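Take a look at the model below.

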Amino acid sequence: MFRTKFIAALTVTTALGVSVASAADLGARPYTKAPAYVESVYNWSGFYIGGHLGGAWTNEQWVNSANTTAFGDLTPGQGFRQRGSGFMGGGQIGYNWQANNFVFGVEGTFSGLDNSGRLNNAVFGGLDDQFSWRTNFMATIVGRAGLAINNNLLYFKGGYAGVNNRLSVVDNVANPSTGSGSQTHWASGWTVGGGWEYGITRNWTVGVEYNYAAFERATYQLAGTSAGTYTFDAKPRDIQWAVVRLNYKFDAPAIARY
């Protein structure tokens, strides 16, 4: 009986020893490093094209700069200033470079404006000379710099601005066919502005923007067929506009932060 129990115990012990030895012979389980965490970043880089729509405000100023004995009632140095507003719409095209959270770019815009005004010169009472002015369209070429917070972009911009400006006059007392004239000039200036843009998808962005521009003075000859001179120094003193923008952004190399 004792001999039988001893043999059974010896058998179990031997079996356990073989199992332990077999386990020891197995290779160590290899260690695999967890992949690095990658935070995706909205990509602002690349070309974009889009449109804008909003409102604009123009401050127009014109001052008589010549003898008006034969035509007109204002003496040199006299003039008027008027403010007009209207709708504004157009398109833009540009390119952005992104470095971490900083975005730099260049952009060109072309916009049509509906800013105009009309004023009757009543120096001698009644309706005499009627002045009319209009800013028809405007173009800008600017640089942009901003801070990107994922798909939000806050930016400011500045550069060149030019506007098509027209000034006209009609003498309501004399014969309008001989007492009228007009001239159009392209006025150059500078512009600054800023805005916020939001990436609603990988390729579509929407935003709002405000801008201010000031322009140079130009000489307008308004005598028309009149015998005398009727020369004014005029300019759109400044134009302000606020617009909503929609852009399509073409794909560019992906940006990732590790």
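In this predicted model, 14 residues line the largest cavity. Nearest its centre lie His52, Thr109, Ser111, Glu209 and Trp241. The volume of this cavity is about 90 Å³. The count of cavities of 30 Å³ or more comes to 3.

Which strands each supply at least two residues of the lining of the largest cavity? They are strand 3, strand 4 (102-120), strand 5 (129-149), strand 8 (204-215) and strand 10 (231-249).

Now to the rings. A pair of aromatic rings is described by two things: the distance of the centres and the angle of the planes. The structure holds 15 aromatic pairs. One of them joins Phe47 and Tyr95. Phe47 belongs to strand 2 (residues 46-64), while Tyr95 belongs to strand 3 (residues 79-99). The pair therefore ties together parts that lie 48 residues apart in sequence.

Ring pairs also build a cluster. Its members are Trp62, Phe80, Phe131, Tyr230 and Phe232. Elsewhere, a charged residue meets a ring: Arg144 lies over the face of Tyr155, 4.3 Å from the ring centre.

How open to the outside are some of the residues in this report?

| Residue | Relative accessibility | Class |
|---|---|---|
| Phe47 | 52% | exposed |
| Tyr95 | 22% | partly exposed |
| Ser45 | 12% | buried |
| Gly54 | 19% | buried |

The cut-offs explain the classes. Buried means under 20%, and exposed means over 50%. Gly54 has 19%, so Gly54 counts as buried. Tyr95 has 22%, so Tyr95 is partly exposed.

Next, Ser45. Where does Ser45 lie? Ser45 sits in the loop between strand 1 (39-40) and strand 2. The side chain of Ser45 reaches the backbone nitrogen of Gln98, at 3.1 Å.

Which residues does Gly54 touch, not counting residues up to four places away in sequence? The answer is Gly86, Phe87, Met88, Ala242 and Val243. Sequence and space can also be set side by side here. Gly54 and Val244 are 190 residues apart in sequence. In space, Gly54 and Val244 are 6.2 Å apart, C-alpha to C-alpha.

Terms used
Residues are numbered from 1 along each chain as its sequence is written. This is a predicted model: local features need pLDDT of at least 70, side-chain atom pairs count only at pLDDT 80 or more; totals for chains, interfaces and linings use all residues. Side-chain values use heavy atoms; hydrogens and water are left out. Rings of Phe, Tyr and Trp (its six-membered ring) pair if their centres lie within 6.5 Å; planes under 30 degrees apart count as stacked, over 60 as edge-to-face and the rest as tilted. Helices (H or I, at least four residues) and strands (E, at least two) are DSSP runs, numbered from the N terminus. Buried means under 20% relative accessible area, exposed over 50%, partly exposed in between (1.4 Å probe, protein chains only). A charge sits over a ring if NZ of Lys or CZ of Arg is within 6 Å of the ring centre and within 35 degrees of the ring normal. A polar contact is a pair of N or O atoms within 3.5 Å; within protein, one must be able to donate a hydrogen and the other to accept it, and residues adjacent in sequence count only if both atoms are side-chain atoms. Contact means heavy atoms within 4.5 Å. On a 1 Å grid over the protein atoms alone, a cavity is a set of points where a 1.4 Å probe fits but cannot get out, and a pocket is an open set with protein on both sides within 12 Å along at least five of seven lines; lining residues have an atom within 4 Å of a point. Grid points are joined across faces, edges and corners, and a volume is the space filled by probe spheres set on the points.
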